[in-house]
Every structure is written in structure tokens, then in C-alpha cells.
Amino acid sequence: MEDDRMETGNLIPKIHVEVHVKSDSTAKRSEVKMHVQSLLNCHSMVFGNYRWTEFDDDFLQKHVASVVIDVLEEIVTQPLDLKNCCVSFHIFTLSEDGPSMLTLEEDEELSAANHWLLPAAEFHGIWESLVYETGVKTQLLDYVTTTIYFSDKNVDSNLISWNRVVLLHGPPGTGKTSLCKALAQKLSIRLSSRYLYGQFVEINSHSLFSKWFSESGKLVTKMFQKIQQLIDDKDALVFVLIDEVESLTAARNACQAGTEPSDAIRVVNSVLTQLDQIKRHSNVVILTTSNVTEKIDLAFVDRADIKQYIGPPSEKGIYNIYLSCLEELMKCQIIYPRQQLFTMFELETMGFAKSEVSEHSLNLRNIAIKSKGLSGRALRKLPFIAHALFVKTPTVTLERFLEAMSQAVEKQKEEKANLVNGI
């Protein structure tokens, strides 16, 4: 495997070109790459990330759904000359299959986990929809890239320790679970030259312990044996997600307090033991989330290489979320006619000067400032609420929709305050 960053010691910008090939295409990858290269030659200068979904080239029209230029967040603010960049091509198709259930032989009704083949159509677009502080997503990509790179180079893990465990923690509604799925999807695309496909297994630990407290730890062992079968395929990169990992602590505490059967502690210990076993394999990454950081089992925290806090979006993050929502509504002609909205970077460059062309963008910024404190989940829902409650017409101007969004933010804030106060 080639580590992307190892090629950039001479400071040549590294960009990724992700080519989504249609599922019914029979074209060879070499053909696809040649036509995409011709497309890039016609657009040598790009400003940040760029996406094509419509093509003049007949071949691309027939075989390709989209071409995306993905640039590191750190260099997204400056124009790039593609001829002077180190370009990596990632050509992929999406699996249209939904999740399947991993079940145990003794009870086929007892679902051990959900399982997806990657890259999955269901996960497509999640990465782009998640907006965090600069560097968070890049750091997570770099972590897993280094994990695979060290494994491929046979670095002795007794001398340099890493556990293949990522812990994302923070308040509910910040997109931790979605980020895990998006990270797995992104890496299955980025590492497609190293692995033929990805596997994603989602274990809900809260459900796991509520179902299996009265069962033997052997059931956990059987579940991980199923996961081990996936890992044994060295052509696959396997991601194991454990949501609400603080449930491990809840289980231990319940045992110590005498409120749960002693068998429950064996279930928890079995999970930790199995995690220690599967992380020895070079093609597995363990992703975990927690809403309640202080309750995470210390035995697990010690196993995590990266403990990344995922907090509520900043003003800039909120603005970018809203901007992507409004662009989508204009594309679908719900907001009509289409009008220009500036990026936050462009507004900053202008010094936030008010003019006829910047008025709508500045109004959106004010709405973003007013929205601070709302979760990412609430922010994505807000344009829908604005239309449903305050627009009520099939199409609407951007000016009127911004007014509706402002009203919707006030309503969300009011409802949130009422919940806190128990009204």
C-alpha cells in the first residue's frame, strides 16, 4: 500500500479523484481512467473540492455517475493547478444491497449485528454531509491510513503499539455514528487498490447487553467468530462499529451493584477479549461511539488509539450545513429562481461587506449564528421544518425561505427550552 502523505514530502499538493462508475457499466477501469483524465485536462484549475455529474463525453455519460475532486481541508482555500498536483484515482461501484443480519446458529431470530458490503449505496454522500472543525475528518483518515501502512510494513507492534481502535465521543446528535459509516465508506474507496471491497459490521452494544444478560458469554464468542470469518478474507477491509460503548461500563456497574446476574460480567469481558483478538489482524478497524464520556469503561478507553471529541457545529460549520441544504433545494427547484450564495471563505474575504449580491449570504450567516447550540441532526432537519410550517407553497424565493428558516430556528430554540424546563 502507498501512504498518500509519503509522496508529499516535496510539498506537491495531494488530491484524490473519486470516480463513481454506474453499477450496470461493463467498461474497463483503464478506459474509465483515460476518459476521466481527459476531463481533468480540460479543467486544469480547480478551487477546492469539485463534483461533476453531467458530462459532454459520451463514454462518461454512459458509464460514470459522478467524478469528485477531493482536496485536503487544509489546502481547500486556494486554487489548484491539477497539472502540478499528485493525483490519485479511485474508481468504484456501489453495492446496492441493504444491510444483512449476522445471526447465531442457536437462534436465527437473534440478530448479532447488521452487516454491509462497502462501498454501499446507503452510505453514499454521508461524508460530504458531515461538517466539523477543520482537520477532524482528515485526521481520522490519516489514522487509519497509517494503521494499514504500518501493518503492511510489518512494524513490530510490541515495539510501537497501536490497537486499531477509534473512539468518537460527544453529545447526542453530532453525527458520530454517521461519521463512522462515512469513514468506512471513504476508506473502502481510497484503499480500493489495496482491498477489493470493504465489510461493515454494526453492533449495538445497548441492544447486545439487554438481550444477552441472561445468556452465556459464549454467544458473544460466536458473534465474533462470524466477524472473524469476514476478517479471514484478506481481500476485505473490515470495520466493526460498537455504538454506545458506555454500555460496557453500565453492564459492569450493574454486576458490581448486584442488580444483574453475574453472567453479565462474563459477557462484557468476552467482548473485550474478542476485541483484543481481532485487532491483531491487519485488515480490521474497530470504530466506537459514546454519548457519555465519563461513563466509558477505563479498560476500553485504554484500548483506543484515537479519542476524538465530536461537538456541536461551530458558526462556520452551521453555515456550511445550511449552504448545502439550500443548494439542494435550489437544484430541486423548491427554491426558485436559483440565486448565488457565497461560501463562508468568500464572505470572510469580502470582510462581510453588505451589498446587493451578498445580502442573502449575510442573512444566512445571521441565521447560522442564531442556530448555535442546535445539534447537527436538528440543523439538517430545519429546512424541512421551515418549508412545512412557514412556507406551505410548492416553490418559494430564496429571500422568503430564509425568513422561514429564521422562524424555524426560533421555534426549535423555544421547543428545546420547553423540554429543558419540563413544560
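**Entry 1: the enclosed space**

A cavity, as I use the word here, is a set of grid points where a 1.4 Å probe fits but cannot get out. With that in mind I opened the model, which is a predicted one. I looked for cavities of 30 Å³ or more and found 2. The largest cavity holds about 140 Å³ of space. I listed its lining and got 16 residues, with Glu 18, His 124, Glu 128, Lys 186 and Ile 189 closest to the centre.

Next I sorted that lining by type: 7 residues are nonpolar, 5 polar and 4 charged. Which elements supply at least two residues each? My notes say strand S1 (14-21), strand S4 (64-71), helix H3 (126-129) and H5. H5 gives the largest share, 4 residues.

**Entry 2: the open space**

I then turned to the second largest pocket, where I read off about 370 Å³ of space. Its lining has 21 residues, and those closest to the centre are Gly 173, Thr 174, Gly 175, Lys 176 and Arg 377. Here H5 (176-190) turns up again, and both H5 and helix H14 (376-390) supply at least two lining residues. By type I noted 10 polar, 6 nonpolar and 5 charged residues.

**Entry 3: a closer look at H5**

**Entry 4: rings**

For aromatic rings I kept two values in view, since a pair is described by the distance of the centres and the angle of the planes. The count came to 5 aromatic pairs. One of them is Phe 150 with Trp 162, edge-to-face, at 5.5 Å centre to centre and 90 degrees between the planes. This pair links distant parts of the chain, 12 residues apart: Phe 150 is in helix H4 (residues 136-152), and Trp 162 is in the loop between H4 and strand S9 (165-169).

I also compared their surroundings. Trp 162 has a relative accessible area of 14%, which is under 20%, so I call Trp 162 buried. Phe 150, at 26%, is partly exposed. Elsewhere I noted one aromatic cluster formed by Trp 116, Phe 123 and Phe 200.

**Entry 5: charges over rings**

Last, I looked for charges above rings. Arg 194 has its charged end over the ring of Tyr 195, 4.4 Å from the centre. Arg 365 lies over the face of Phe 352, 3.8 Å from the ring centre.

Notes:
Residues are numbered from 1 along each chain as its sequence is written. This is a predicted model: local features need pLDDT of at least 70, side-chain atom pairs count only at pLDDT 80 or more; totals for chains, interfaces and linings use all residues. Side-chain values use heavy atoms; hydrogens and water are left out. On a 1 Å grid over the protein atoms alone, a cavity is a set of points where a 1.4 Å probe fits but cannot get out, and a pocket is an open set with protein on both sides within 12 Å along at least five of seven lines; lining residues have an atom within 4 Å of a point. Grid points are joined across faces, edges and corners, and a volume is the space filled by probe spheres set on the points. Ala, Val, Leu, Ile, Met, Phe, Trp, Tyr, Cys and Pro count as nonpolar, Asp, Glu, Lys and Arg as charged, and the others, Gly among them, as polar. Rings of Phe, Tyr and Trp (its six-membered ring) pair if their centres lie within 6.5 Å; planes under 30 degrees apart count as stacked, over 60 as edge-to-face and the rest as tilted. Buried means under 20% relative accessible area, exposed over 50%, partly exposed in between (1.4 Å probe, protein chains only). A charge sits over a ring if NZ of Lys or CZ of Arg is within 6 Å of the ring centre and within 35 degrees of the ring normal.
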